[in-house]
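Work through the exercises below with the model in view. Try each task before reading its solution.

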Amino acid sequence: MRKFLNMLKKDKDTISVGRFTAVAAFVLWAGVSLYLALKNVAWGIYEPFCLTVVALVLVQLGNKAIECRMFRITGGDK
């Protein structure tokens with residue numbers, strides 16, 4: 001659990017809002033998908049919902065990769 005919380009941190013004491021939002025969106029997507037599958041119900045806006053969640057997660061992963069590369073090259077915050 002501690003490793004998971006460290007993954008969400010922006011720095012030593014602050015949790016990143018973007019990372020938290022991406023994880024919350026993924027958990028929401030998984031919950032909604034599971035609910036719809038178990039109830040065998042169609043939802044009219046499921047496709048835009050899925051695309052939004054995927055876009056949010058991909059943007060956050062890209063942001064994380066850019067931050068890590070930037071800090072590694074310049075020797076930034078340690």
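**Exercise 1: an aromatic pair**

Decide whether phenylalanine 26 is buried, partly exposed or exposed.

Solution. Phenylalanine 26 has 45% relative accessibility, so it counts as partly exposed. The cut-offs are these: buried is under 20% relative accessible area, exposed is over 50%, and partly exposed lies in between (1.4 Å probe, protein chains only). Tryptophan 29, at 28%, is partly exposed as well.

Next, the rings. A search of the whole structure gives 3 aromatic pairs. In one of them, phenylalanine 26 and tryptophan 29 are tilted, 5.6 Å centre to centre with 35° between the planes. Rings of Phe, Tyr and Trp (its six-membered ring) pair if their centres lie within 6.5 Å; planes under 30 degrees apart are stacked, over 60 edge-to-face, the rest tilted.

Last, the spacing. Phenylalanine 26 and tryptophan 29 are 3 residues apart in helix H2, so about one helical turn separates them. An α-helix has 3.6 residues a turn, so residues three or four places apart point the same way.

The model is predicted: local features need pLDDT of at least 70, side-chain atom pairs count only at pLDDT 80 or more, and totals for chains, interfaces and linings use all residues. Residues are numbered from 1 along each chain as its sequence is written, and side-chain values use heavy atoms, without hydrogens and water.

**Exercise 2: the helices**

State how many helices and strands the protein chain has.

Solution. The chain has 3 helices and 0 strands. Both are DSSP runs numbered from the N terminus: helices (H or I) of at least four residues, strands (E) of at least two.

Now take helix H2, residues 17-39. Its 23 residues reach 32 Å from first C-alpha to last, close to the 33 Å expected at 1.5 Å a residue. The expected span is 1.5 Å times one less than the number of residues. Arg19, Ala22, Ala25, Ser33 and Leu36 are buried in H2. Just after H2, asparagine 40 takes a positive phi of about 55°.

**Exercise 3: glutamine 60**

Find which residues glutamine 60 contacts, leaving aside its neighbours within four places in sequence.

Solution. Start with its place: glutamine 60 is in helix H3, residues 46-74. At 13% relative accessibility, glutamine 60 counts as buried. Its contacts (heavy atoms within 4.5 Å) are Gly18, Arg19 and Ala22. Of these, Arg19 and Ala22 are themselves among the buried residues of H2.
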